[in-house]
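Here is a short briefing for a first look. Please keep the sequence and the 3D view open while reading.

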Amino acid sequence: MNRTIAPPFKLAESLSLVIPQEIKLENDITLFWMKDVKDDSVKLDIEWFAGTKYQEQKLAASFTNKLLLLSETQKIARAIAAEMDFYGGFVQDDCDKDHAGVTLYGLRENFHAFFKF
Amino acid sequence: MITYERFTLKNGLRVLFHKDETTPLAVVNILYNVGARDEESSRTGFAHLFEHLMFGGSKNIENFDNPLQLAGGECNAFTNNDITNYYDTLPVQNLETAFWLESDRMLELAFTPKSLEVQRSVVIEEFKQRYLNQPYGDVWLLLRPLIYKSHPYQWATIGKEISHIENATMEDVKSFFFKYYGPDNAVMVVGGNTTVEEVKKLSEKWFGDIPSRGANQRNLTPEPAQQEERELTVERDVPSDAIYMAFRMGHRMMPEHYTGDLASDILSRGKSSRLYDKLISEKKLFSTISAYISGGWEDGLFVVSGNLNEGVSFETAKTEIRNELEKMRVDHIDNDELIKVKNKFKTGKVFSEQSLMNRVMNIAFFEMMGKLDELNDELKKYDVISSDDIRDFAKKIFVKNNLSTLMVKAKK
């Protein structure tokens, strides 16, 4: 065997991507559902057209986005964090020039609880 | 559940195959049974330097990265105090490229003076950039020798001092390679949409003729139990005061590892955790705070570290952390709090195992630890932990004589 010679290789001829199903909700929100992911996890991304290019004051976009999970009319930050943690959920917020949004990660068995938020 | 099939080549190389039909990519992971714990105290940083040298060309192949990238692949590696791990990801139809490359560098490195010189410079720069010139970069260079007085865990993977890397000779490097980089001192795991027959065929073809060099028979003396509280205060050019409180605990293979992990989650995982809720949100003493375990294979650490807010003294910080640890020693843990951290762990595990790479690495680590039969038992091990178990753990571990504290004071 001559180890100086590389084995032959070939590039991929096609790629199969997971294509989301697009569902229009009654209130006009578009839901993209990646239903072909087969495990016990659920990831929910909520995106708004609320990035920094829409802000009139510096930091307004990111502060607003962060405040989304700090309190709401029924619950204070501590209660939201406690419930989110209890169900094993994780939260991430993102803000760029175009979009602002939050991502919730959790298990399929507990995810119904996250929709309350 | 992570499935696998296992076989061993005549030269002692352990090979495991994990099938995944859902991805067009394959992963080849080779875990070598050598880490910074195997170094001599006068020549530290070698395991990590060696990780770099492994990308500097092998006996028959001048460059590791280019052929892999041509085949659509990428690679990386990491070293810690216990092991050194190399991994390649590439399209499954090009799996043989990874076998060709990995087997040639296991057979023999090129050992060129140029490669040694280049990688020595790279590692020295890494030492300066990440450990000496970065705020809080030298924390573990200071904390490790405070905790460990005789065990090799007293130095970090990067090494004790730059001179050890500067003085590395070609003879040192060759001797390290032939001592630790043999097939019988490694575990290879292949994951992807192929068959165990194909993996066997490729393993025999490319790794079968590499001679055995002997498995690493380490006989390290355990660090004696700590008998007194230790403290060190240093002043550094950092943005805020920081504290690191480290308690010795059991190693990765002990049940204590799992109890300690849950205890650390109760203290600091998520915004409803005890330290975050009490010391950041309510009392506003810290800007960051976390609790975590080291998971060392020889000896474990339970660490609480945090950055103090302006005007908060180290004395207050220590007292407040101790108060929270004391509650864990005395109070019953509410069932909901225990369910919460178990749920958090489960979510993290499910997401982590989405990645083929993580599954493959887990198989390699469990095989190397000699615990492969327990690979899929992790959830059960966390599930059975009770409030009493955590209280017993806290009573045993959170005691003064088992504590080493480093305080990094910000220069005014």
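B:His52 sits in helix α1 of chain B, which spans residues 46–53. The model is a predicted one.

**Around B:His52**
- Is B:His52 buried or exposed? B:His52 counts as buried because its relative accessible area is 15%, and the cut-off for buried is under 20%.
- Its side chain makes a polar contact of 3.4 Å with the side chain of B:Gln119.
- A polar contact of 3.3 Å links the side chains of B:His52 and B:Glu126.
- Leaving aside residues up to four places away in sequence, B:His52 touches B:Gln119, B:Val122, B:Val123 and B:Glu126.

**The sheet in chain A**
- Chain A has an open sheet of 3 strands, in the order β3-β5-β4, with antiparallel pairing.
- Its edge strands are β3 (41–48) and β4 (90–95) of chain A, and each pairs on one side only.
- From one strand to the next, the twist averages 15°.
- In general, strands of a sheet pair through backbone hydrogen bonds.
- How many bridges join β3(A) to β5 of chain A? There are 8 bridges, and β5(A) covers residues 100–107.
- A:Trp48 has A:Ala100 in β5(A) as its bridge partner.

**Helices across the sheet**
- Helix α1 of chain A (residues 60–67) lies across β4 and β5 of chain A. This helix runs at about 165° to β4(A).
- Chain B also supplies a helix here: α12 (residues 335–352) lies across β3, β4 and β5 of chain A. Helix α12(B) runs at about 100° to β5(A).

**Helix α7 of chain B**
- Helix α7(B) spans residues 170–180, and its buried residues are B:Met170, B:Asp172, B:Val173, B:Phe176, B:Phe177 and B:Tyr180.
- Why do they lie on the same side of α7(B)? They cover an arc of only 160° around the axis, so they fall on the same side.
- The cover over these buried residues includes β3 (25–32), α1, α3 (95–107) and α4 (113–132) of chain B.

**Where the chains meet**
- The contact takes 28 residues from chain A and 34 residues from chain B.
- About 2600 Å² is buried between chain A and chain B, and carbon and sulfur atoms give 60% of that area.
- A:Arg3, A:Asp85 and A:Phe86 supply 28% of the area that chain A buries against chain B, more than any other three residues.

How values were computed. Residues are numbered from 1 along each chain as its sequence is written. Chains are lettered from A and ligands numbered from 1 in the order in which they are written. This is a predicted model: local features need pLDDT of at least 70, side-chain atom pairs count only at pLDDT 80 or more; totals for chains, interfaces and linings use all residues. Side-chain values use heavy atoms; hydrogens and water are left out. Helices (H or I, at least four residues) and strands (E, at least two) are DSSP runs, numbered from the N terminus. Buried means under 20% relative accessible area, exposed over 50%, partly exposed in between (1.4 Å probe, protein chains only). A polar contact is a pair of N or O atoms within 3.5 Å; within protein, one must be able to donate a hydrogen and the other to accept it, and residues adjacent in sequence count only if both atoms are side-chain atoms. Contact means heavy atoms within 4.5 Å. Two strands pair if DSSP finds at least two bridges between them. Axes are lines fitted to C-alpha atoms, for helices over the stretch in contact, and angles run from 0 to 180 degrees between N-to-C directions. The arc is that of the directions from the helix axis to the C-beta atoms. Buried area is the accessible area (1.4 Å probe) that two parts lose on being put together, summed over both.
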